[in-house]
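Subject: Structure for your review

Dear colleague,

Please find below the structure that I am handing over to you. My notes on its contents follow directly after it.

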Amino acid sequence: MALNAKIPVGPLKDKWQNYLAKTHIVNPANRKKLDIIVVGAGLSGGGAAASLAELGYNVKVFFFQDSARRSHSVAAQGGVNAAKNYKNDGDNVYRMFYDTIKGGDFRSREANVYRMAEVSVDLIDHMVAQGVPFAREYSGYLSNRSFGGVLVSRTFYARGQTGQQLLMATYQAMMKQVKAETLKQYKRHEILDIVIVDGKARGIIARDLDTGKIERHAAHAVVFGTGGFGKIFYLSTLAMNSNGSANWRAHKKGAYFANPSWTQIHPTALPQAGEHQSKLTLMSESLRNDGRIWVPKKKDETRAPGDIPEEDRDYYLERRYPAFGNLVPRDVASRAAKERMDAGHGVGSLKNAVYLDFKTAIEKLGVDTIKERYGNLFTMYEKITAINAYKEPMKISPAAHFSMGGLWVDYELQTTIPGLFAVGEANFADHGANRLGANSLLQASVDGNFILPNTISNYLSNEIRTGKISTDTPEFEEAEKSVKEQVEKLLAIKGTMPVDKIHRRLGKIMFKEVAMSRNEKGLKWAIEEIRKLRTEFWENIAVSGDQNGPNSELEKAGRLADYLEIAELMAVDALNRRESCGAHFREDFQTEDGEAKRDDKNFMYSSAWEWDNGENWKLHKEPLEFTEVKPTVRSYK
Amino acid sequence: MKLTLKIWRQENAKSKGKMVTYKMSDLSEDMSFLEMLDVLNQSLAIKGERVIEFDHDCREGICGQCSLVINGQAHGPESHYTTCQTHLRSFKDGDTLFVEPFRANSFPVIRDLKVDRSSMDKIIQAGGYISSFTGMAPEANAIPIHHDIAESAFDSAACIGCGACVATCKNSSAALFVSAKISHLAKLPQGKVEREERVQWMVNAHDNEGFGSCSNTGACAMVCPQEVQLIDITRMNYEYNRAVCHSKE
Ligand SMILES: Cc1cc2nc3c(=O)[nH]c(=O)nc-3n(C[C@H](O)[C@H](O)[C@H](O)COP(=O)(O)OP(=O)(O)OC[C@H]3O[C@@H](n4cnc5c(N)ncnc54)[C@H](O)[C@@H]3O)c2cc1C
Ligand code: SF4
Ligand code: FES
């Protein structure tokens, strides 16, 4: 199938308005005849569920947590971007669009990115109206800060818990619709397959995680707001139960997966401290506004950080990138940290960290200001490490964080399966090869609240005569059967290898060869190792208990089974792209001073992979055309 | 280090539960409490025994999904920590720890340490929102909000809905949780419009869901991981009385 991105005609700045003017909408009286399934209750899925329910559609929302308030959007700390130009520092929609395109290393679709910047302005209004207590100046007006990769202050924030506050607003909007009975929630439900009838997405198969019951649910359209799959690395900043399963099952039923290998490795997470560690907690990038990153100049330095004088410190970001300094984009910061650690300058007992130091900022601004800006982050740091970061520098390290890749979607956020839409981190649309900080709370929220409700109607306007979709069909039967078979198969193995152990091993392979820096040999090795691990998984996995009730090992095993397949596609994708761009750094394609070497002649496209029954994947290319901007070498020097 | 764990095991809401003993060795102080349960579960899975069910997701103290009462204290021994932030350095080598679910009539046990906290969602459904639809909002800077009011609203809005306050309260009251939402919204100009209906609906829902009454003991605020303040309960009572006085009937 050829890819059609369905980009509306007209100049970039008019495309979205042109689209809105022409798109089909559904008569309010007909909306209650239409059922929509939303999977995910984070900012994207939750925003979509609430907004669609407000419009009068019948909406069912599914998520695996025990409350919609807990989706992983809750963990976002730093902030959300919008081109409000409240600071009079030269910001506008175009500049935000340009920063995002450049930050993504000219590997995203112009029209989508422009639209995101355009509607960013409405999102702040919306969230304030919902009661988000954003930070304020003493005048009572909204306050802003800067994030990596930009020179203006366009980030809105609520202390270090911006995601939580945006999600609370979204959750409350959902609860309002639950009360109005236009939204029904299915908590502790995991989606294990999607059902296609006559080429259209018509429902899902879900497992009730409390009772173990496998259920069928039908709808006129299905929306995935299922989040990112960075947990594939086992150690990541994602939640323990974040997964790629829903997307992967859709992929196997015909949804193309785009740029799967583009994973953002965040430069400021807490380093791994021991063998049993299950999670790498993020320290928000906003800390780089006031914190300075350094390592000792001497290899294998043994002095405590406070005893190392200025002349023996290497502020390597300020040294290498004088224009942006500590605020270079994440991919650049992570790679630079890796370079220093590989060269023997890492700190901490495992030599796997660098310092993030607030001494200068505290001297300049006082402890109170730092406390107000980042208080909860310092507390969180102390709770985990027992170290007071007002007194000594934090130790930080790169960690897997965000999936730029995801389900391929067109301008309407529709996947290659008609009737299946993907919003938020689950799609691949806006961030190119590297996401700018504070852009993804934005993307998830605007996809759900402002974009999808207006594009899905174009599809649903053709469904008003369809009538109720039945779950009593061979397609549902078949999908349910295959889900049940997989559950039974996992329980029957009764091996000796616990799920977490295999997941950890997969994570190690991925972090070594399919993360911050890649090369042909390593990627080929990774593919071999992933395949071996997959065989071992299916022969020797230890899943105890049964399927008739809660069984967390069974849940984890199902997710890992999918990760073991996604991992291979990630490596295949990275291998195919013989250039460096954004987070995708190929050691075999770099400049003399170690910066990424893009190849616009051969790789100016998004890779959209089609599942080919597990034999091979078929590559489809969506060419990227830049009409407004001229791709340049991304320099932060 | 070594620890003896006495863990509550219960098949489902209807069955009777009991404490089961597990001996753990080779633990390190840097491990989190939940990482210790991961290790225990791995050993059970290999032996073909049913693993211990417990709730968790973000493991960084913000989603509110983790629970557990450790040695009689909701979210473990450190005040204002969540269970997922609790590390073994908070215990002594050789300690015996009693691990139980959050107990309250309104939180039926699902299995082992997992409980059903839907009752908290129901309270929010009753009125814990601003009824503005997507698209209605005015320009964000149109209503200035004093810096200190925004910060104070944040303090209340920070509640993660974990339910530790309920598990700690001798009356199983969710007063701190309810009052946090009422205060968050009542402090902000956007939330003031619906303040009277909101407080009455939410307080009624709280009672209907079977939570107990608040007797102002304050144990809840001692454990609350987000340090929601007791003064919010006072604010809730004020809002409630104010609403009754202003009532149109
Ligand atoms: C620690 C951290 C900090 C961050 N900080 C920032 C920041 O400061 N600024 C910023 O812009 N971005 C930040 N991000 C990124 C941003 O938070 C996410 O990209 C965004 O919130 C994703 O929202 P979402 O709605 O797409 O997915 P999520 O919020 O992850 O929601 C996914 C939903 O899908 C459901 N789900 C998934 N799979 C299934 C399944 N199989 N069955 C049923 N339900 C399923 C889950 O239950 C959940 O409801 C951060 C991310 C992390 C991890
Ligand atoms: S008030 Fe505190 S203890 Fe109670 S639910 Fe909220 S965060 Fe948890
Ligand atoms: S697991 Fe999220 S708060 Fe503990």
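In this predicted model, A:Phe378 counts as buried, because its relative accessibility is 2% and the cut-off for burial is under 20%. A:Phe358 is likewise buried, with a relative accessible area of 2%. Over all chains, the count of aromatic pairs comes to 26. In the pair formed by A:Phe358 and A:Phe378, the ring centres are 5.0 Å apart and the planes stand at 65°, so the arrangement is edge-to-face. A:Phe358 belongs to the loop between strand S14 (354-357) and helix H10 (359-365) of chain A, whereas A:Phe378 is part of helix H11 (residues 367-385) of chain A, so the pair ties together parts that are 20 residues apart in sequence.

Further ring arrangements deserve mention. One aromatic cluster is formed by A:Phe229, A:Trp248, A:Phe257, A:Trp611 and A:Trp617. In chain A, the charged end of A:Arg115 sits over the ring of A:Tyr411, 4.1 Å from its centre. In chain B, B:Arg103 lies over the face of B:Trp8, at 4.1 Å from the ring centre.

Two helices were examined individually. Helix H13 (residues 474-493) of chain A has 20 residues, and its first and last C-alpha atoms are 29 Å apart, close to the 28 Å expected. Its buried residues are A:Phe476, A:Ala479, A:Glu480, A:Val483, A:Val487, A:Leu490, A:Leu491 and A:Ile493. The partners against which these buried residues of H13(A) pack include strand S6 (189-197), strand S7 (200-208), helix H15 (520-540) and helix H16 (552-576) of chain A. After H13(A) comes A:Lys494, with a positive phi near 50°.

Helix H7 (residues 195-208) of chain B has 14 residues and reaches 20 Å from its first C-alpha to its last, close to the 20 Å expected. The buried residues of H7(B) include the charged residues B:Arg195, B:Glu196 and B:Arg198, and also B:Val199, B:Met202, B:Val203, B:Ala205 and B:His206. They pack against helix H2 (118-127), H5, helix H6 (189-192) and helix H9 (231-246) of chain B. B:Gly210, which follows H7(B), has a positive phi, near 90°.

Among the residues around ligand 2 are B:Cys159, B:Cys162, B:Cys165 and B:Cys224, together with B:Met120, B:Ile160, B:Phe177 and B:Pro225. By class, this shell contains 10 nonpolar, two polar and no charged residues.

B:Leu5, in strand S1 (residues 3-9) of chain B, is buried, with a relative accessible area of 0%. Beyond its neighbours within four places in sequence, B:Leu5 is in contact with B:Val20, B:Thr21, B:Tyr22, B:Met24, B:Met36, B:Leu37, B:Leu40 and B:Leu97. B:Leu5 and B:Leu37 are 32 residues apart in sequence, and their C-alpha atoms are 9.8 Å apart in space. B:Gln42 is placed in helix H1 (residues 33-46) of chain B and is buried, at a relative accessible area of 12%. Residues up to four places away in sequence aside, B:Gln42 touches A:Pro498, A:Asp500 and A:Lys501.

Yours sincerely

Conventions
Residues numbered from 1 in each chain as written. Chains lettered and ligands numbered in written order. Predicted model: local features only at pLDDT ≥ 70, side-chain atom pairs only at ≥ 80, totals over all residues. Heavy atoms only, no water. Helix = DSSP H or I, 4+ residues; strand = E, 2+ residues; numbered from the N terminus. Expected span 1.5 Å × (residues − 1). Buried < 20%, exposed > 50% of the residue type's maximum accessible area, 1.4 Å probe, protein only. Contact = heavy atoms within 4.5 Å. Near = heavy atom within 4 Å. Phe/Tyr/Trp six-rings, centres within 6.5 Å; stacked < 30°, edge-to-face > 60°. Lys NZ or Arg CZ within 6 Å of the ring centre and 35° of its normal.
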